[in-house]
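Here are my notes on this one, jotted down while going through it. Have a look at the structure first, then see whether you read it the way I do.

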Protein chains: 2
Amino acid sequence: MNESASKSKIISEQDVIDFARLTGDNNPIYLDEEFAKTTRFKTRIAHGIIVAGHISAIIANDLHGKGSIYLSQSLYFKAPVFLGDKIRTEISVISHEGTKYILECKWFNSTENVVLEGIAKVLKDD
Amino acid sequence: MNESASKSKIISEQDVIDFARLTGDNNPIYLDEEFAKTTRFKTRIAHGIIVAGHISAIIANDLHGKGSIYLSQSLYFKAPVFLGDKIRTEISVISHEGTKYILECKWFNSTENVVLEGIAKVLKDD
């Protein structure tokens, strides 16, 4: 398998609308620009877990393959993600023991600030 | 604030289709029933992070309110979630120091098996 991989994806308004529907989290900080203007961020932000979800495609498509089993994930939210932000997800293999891999995960915004970081443990199954 | 809260939600096929689109993770184990029949699970499963996302609505609507800031989350994936499963998310306050709260999070399927568990840290901001 590869030792590292990265991928960029823009967080769209549709992503936030869909994620609000599928989680039931309709907080106006994500959905209502007028409300969001009154918050510390001054505009809408994206649900943090949407960004975390980007890791999933990289593990399956670029690192491990279809048979990977996701064992655990830690997530440290460092900075807000705004609608329209282009987020780059970077994953590196830190170590592995047999088929169990430990991956360092970092998510950067367009200004190279880390918005999210954490460690994933994955079992390579095929 | 409340000391605990829970909420149940069915994981629908549309949830999985939407999450595949917004993360770019189109792994056939989520989307292609014919392929999924050949895997260890014998049918499609849902992306694990969808289930984690259910926590977001509970923190905002039932525990903390609109101004909560999500600091960190650990996630331990224990069992697969299948399309159509009704998942109950339970959150309890373990401790708090000032406005920083530590929350125990557990996700159960219809047969009362834990499919996911972890710890959240949240800052109550309003």
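**Notes on the pair and the fold**

1. Start with how the copies meet: they use the same surface, because 100% of the interface residues of chain A are interface residues in chain B as well. Keep in mind that this is a predicted model.

2. What takes one copy onto the other?

3. On to the fold. Chain A has four helices and five strands, and along the sequence they run β-α-α-α-α-β-β-β-β. Of the contacts in chain A with a separation of 6 or more, 62% join residues 24 or more positions apart.

4. Helix 4 of chain A (residues 48-63) deserves a look. Its 16 residues should span 22 Å at 1.5 Å a residue, and the end C-alpha atoms are 23 Å apart, so the two agree. This helix is also mostly covered, with 13 of its 16 residues buried.

5. Some overall figures for chain A. The C-alpha atoms fill a box of roughly 50 × 30 × 20 Å along the principal axes. Of the 126 residues, 48% are buried. The chain exposes about 5,700 Å², 49% of it from carbon and sulfur atoms.

6. Last, charge: chain A carries 15 positive and 17 negative side chains, and the centres of the two sets lie 1 Å apart.

Methods. Residues are numbered from 1 along each chain as its sequence is written. Chains are lettered from A and ligands numbered from 1 in the order in which they are written. This is a predicted model: local features need pLDDT of at least 70, side-chain atom pairs count only at pLDDT 80 or more; totals for chains, interfaces and linings use all residues. Side-chain values use heavy atoms; hydrogens and water are left out. Helices (H or I, at least four residues) and strands (E, at least two) are DSSP runs, numbered from the N terminus. Buried means under 20% relative accessible area, exposed over 50%, partly exposed in between (1.4 Å probe, protein chains only). Contact means heavy atoms within 4.5 Å. Accessible areas come from the Shrake-Rupley method with a 1.4 Å probe; for residues, only the protein chains shown count as cover. Lys and Arg count as positive and Asp and Glu as negative; His and the chain ends are not counted. The place of a charge is taken as NZ of Lys, CZ of Arg, CG of Asp or CD of Glu. The expected span of a helix is 1.5 Å times one less than its number of residues.
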